[in-house]
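Trainee: I am new to this structure and would like to go through it step by step. Where should we begin?

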Amino acid sequence: MSILQLGGFMMWPLLALSVAALAVILERFVVFTTRRFPSAAALKELQKTFRSQGGDAALEAVEETAPAFLGFFRACFAPGTGADHEQDIQSAGDDVLFRFNQRLDFLATAAATAPLMGLLGTVIGMINAFSRLSASGDVDITMLAGGIWQALLTTAAGLCIAIPAMLAHRWFCRQYDKIAYAMQRTARLMTGRPETRVQDR
């Protein structure tokens, strides 16, 4: 008998949750590792290009090296001053950050829900074990122990899902914060306005 069958019916929703969480982790890992914000050296080169050759030349360089941030740099290099320009930069930055933040809530939910689902499966298994013991009319420690260890399978499964989901979620959030900070600094650098701010997560 497989572990899925031994653990009871709660093992199936846990299996579905684990597959979905793994898919999100892999997808977000690809996003965060392939869409890098320009390095400090690259930003200096962009700034030089912008000042010497104009915004179009600088945007061509961004499109080649960091296309995921093209909208943000387009707003930075756009002509304009004052609050309206800052609002455009913030809106463009928020759009970029929204794409990075997609599905991170699901990972947080999976990390919080999986142990509870496992615990629910354990409680149901314990109820079944004691029900069988009561119906048998005889205190059989072997029957009780067998029911308990099978019930605990769902708790173990829930924790096996929650731990990697939580670790991945924290790592993705850390990468998100780094990107938001880099964009905020870049907005100040490009516009020369210390008050320009990209909204935090």
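Mentor: Let us begin with a definition: a disulfide is a pair of cysteine sulfur atoms within 2.5 Å. Please also keep in mind that the model is predicted.

Trainee: How many disulfides does the structure hold?

Mentor: A disulfide is a covalent bond between the sulfur atoms of two cysteines. Cysteine 76 is buried, at a relative accessible area of 3%, and Cysteine 173 is buried as well, at 1%. The number of disulfides in the structure is 0.

Trainee: How far apart are the end C-alpha atoms of helix H2?

Mentor: Helix H2 runs over residues 11-34 and has 24 residues. At 1.5 Å a residue, H2 should span 34 Å, and the model agrees with this expectation. The end C-alpha atoms of H2 are apart by 34 Å.

Trainee: Which helices are included in what covers the buried residues of H2?

Mentor: Buried means under 20% relative accessible area. In H2 the buried residues include Met11, Leu14, Ala21, Ile25 and Phe32. Their cover includes helix H1 (3-7), helix H6 (82-101), helix H7 (104-136) and helix H8 (141-191).

Trainee: Which element gives the largest share of the lining of the largest pocket?

Mentor: The largest pocket holds about 260 Å³ of space. Its lining includes Phe37, Leu43, Ala182 and Arg185. Two or more lining residues come from each of helix H3 (40-53) and H8. The largest share, 5 residues, comes from H8.

Trainee: Which element gives the most to the lining of the second largest pocket?

Mentor: This pocket holds about 170 Å³ of space and is lined by 13 residues. H1, H7 and H8 each give two or more residues to that lining. The element that gives the most, with 5 residues, is H7.

Key:
Residues are numbered from 1 along each chain as its sequence is written. This is a predicted model: local features need pLDDT of at least 70, side-chain atom pairs count only at pLDDT 80 or more; totals for chains, interfaces and linings use all residues. Side-chain values use heavy atoms; hydrogens and water are left out. Helices (H or I, at least four residues) and strands (E, at least two) are DSSP runs, numbered from the N terminus. The expected span of a helix is 1.5 Å times one less than its number of residues. Buried means under 20% relative accessible area, exposed over 50%, partly exposed in between (1.4 Å probe, protein chains only). Contact means heavy atoms within 4.5 Å. On a 1 Å grid over the protein atoms alone, a cavity is a set of points where a 1.4 Å probe fits but cannot get out, and a pocket is an open set with protein on both sides within 12 Å along at least five of seven lines; lining residues have an atom within 4 Å of a point. Grid points are joined across faces, edges and corners, and a volume is the space filled by probe spheres set on the points.
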